[in-house]
Amino acid sequence: MFRGIDEVDWASMEHAYGSAADVPELLRGLASPLPQDRETALDGMYGAVHHQGDVYDSTLASIPFLFALAGHPGLPDRGGIVELLASIGGSEDGEILGDGFGDGEDGAGGGQGAEAPEDDNYAMAQAAVRAGAAVFLGLVTDADPEVRRAAPSALVRFHDEPPHVLGLLSERLRDEQEDGVRLALVESLGLLARLHGGSTAAVVDCLVSLCGSPHDPGLRLAALGQLASCAPDRLPADLVPTVVALLHTRSQRIRPATEPVRTSTDTLIGSLRRMRPADEEGAQLLRTLHKALGARTTDRIALLKGQLSSRNTADRCNAVWMSAGLFREWRAAYEEPVALIGEQLGSDEERLRCAAVSVLEFLFTLAAPAADRLAALVESGTDSRGEARRRWTAP
């Protein structure tokens, strides 16, 4: 994995904090047998070598070693390395990379288009990750489900043969058993449709087929979210009732959440992991759909009302947090969803109460439909929002 690493003149290179002489230690840390060392090393790669998305000469020099790590069977936490490589490559969601399906339409090629970086390092990074994209082909069938979850998106972003990628993703959807990986495959289909202009009809048809029975509710919700972002004209006419019904069915089937074992490092990555929502998968499914619906406020309000009426606490909590973005971005009549958020203040679930207070306190006069509930909460003395927040972020 590290052949030739000591022959690289790292000390002559730089990262966000000066000399890159410590980069070999970070790279070796990614292969440590200790999970806390791997997390600390990954945090260091993002914090210095790829600081806020920047690409330095040391970032470029790291790419071959990152590919070697990502492709090393049995090495833990390689999913994070695949995500790091994709981030360094810098191909953003929504960028048109060109047709790729051979229909003769003009495309933007494989470059950054109007958003081309000012520094050649970015273009070289994208070229380097694209040149190594064959590694991602093998990772979609890796034994580690976290690697299989990360690989499809990277494959879509950087592989130069979209039809081949579509065939592989479709095949994996038929064979994959892990729910989280299946959702990642659906998300990658949507990304494939958005990134490549031209003949994406086959991708859209595949998404449409995934929106109906006999597929499970989570997969259907994922397909609807992706369809809304790349082919909204193909959405069902009864979108909102369909989504709400699927959401409720999914909530009934979902297994009780068991908090995975987390490393306890005092890093940004560690903190973000500890702050994940109780139902992160459900939050992502509905966030994707809300984002795709954009200015369709009537549909989004109806969807929020359905979410806020769920029997599942996590569904309602996700809806409260998603409502904040809608309220900030679009003008509409929000009395009903605000009143429903107010009803969450009486919940026995502290996380849900705190979420509701956090959203309502910034609405000012728009919070009027929830005023009585807010007053009752204050009088009851049970508003422990500050204490709850400290507990959520505690190591």
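A residue counts as buried when its relative accessible area is under 20%. Keep that cut-off in mind as you walk through this predicted model.

**Stop 1: helix 11.** Select residues 217-230, the 14 residues of helix 11. From its first C-alpha to its last, the helix reaches 20 Å, close to the 20 Å expected at 1.5 Å a residue.

**Stop 2: its start.** Now show the side chain of D216, which caps the N-terminal end of helix 11. One of the side-chain oxygens of D216 lies 3.1 Å from the backbone nitrogen of G218.

**Stop 3: its surroundings.** Why is helix 11 described as largely enclosed by the rest of the structure? Because 12 of its 14 residues are buried. To see them, colour P217, G218, L219, R220, L221, A222, A223, L224, G225, Q226, L227 and A228. Then bring up what covers these buried residues, including helix 8 (162-175), helix 9 (179-195) and helix 10 (201-210). Helix 12 (239-253) and helix 14 (280-293) are also among the elements covering them.

Stop 4: Select its lining: E187, L221, A222, G225, Q226, Q284, L285 and T288. Which helix gives the largest share of this lining? Helix 11 does, with 4 residues. Helix 11 and helix 14 each supply at least two of the lining residues. Colour the lining by type, and you will find 3 nonpolar, 4 polar and 1 charged residue.

Notes: Residues numbered from 1 in each chain as written. Predicted model: local features only at pLDDT ≥ 70, side-chain atom pairs only at ≥ 80, totals over all residues. Heavy atoms only, no water. Expected span 1.5 Å × (residues − 1). Buried < 20%, exposed > 50% of the residue type's maximum accessible area, 1.4 Å probe, protein only. Contact = heavy atoms within 4.5 Å. Polar contact = N/O pair within 3.5 Å; in protein donor to acceptor, adjacent residues only side chain to side chain. 1 Å grid on protein atoms, 1.4 Å probe; cavity = no way out; pocket = protein on both sides within 12 Å on 5 of 7 lines; lining within 4 Å. Nonpolar A, V, L, I, M, F, W, Y, C, P; charged D, E, K, R; others polar.
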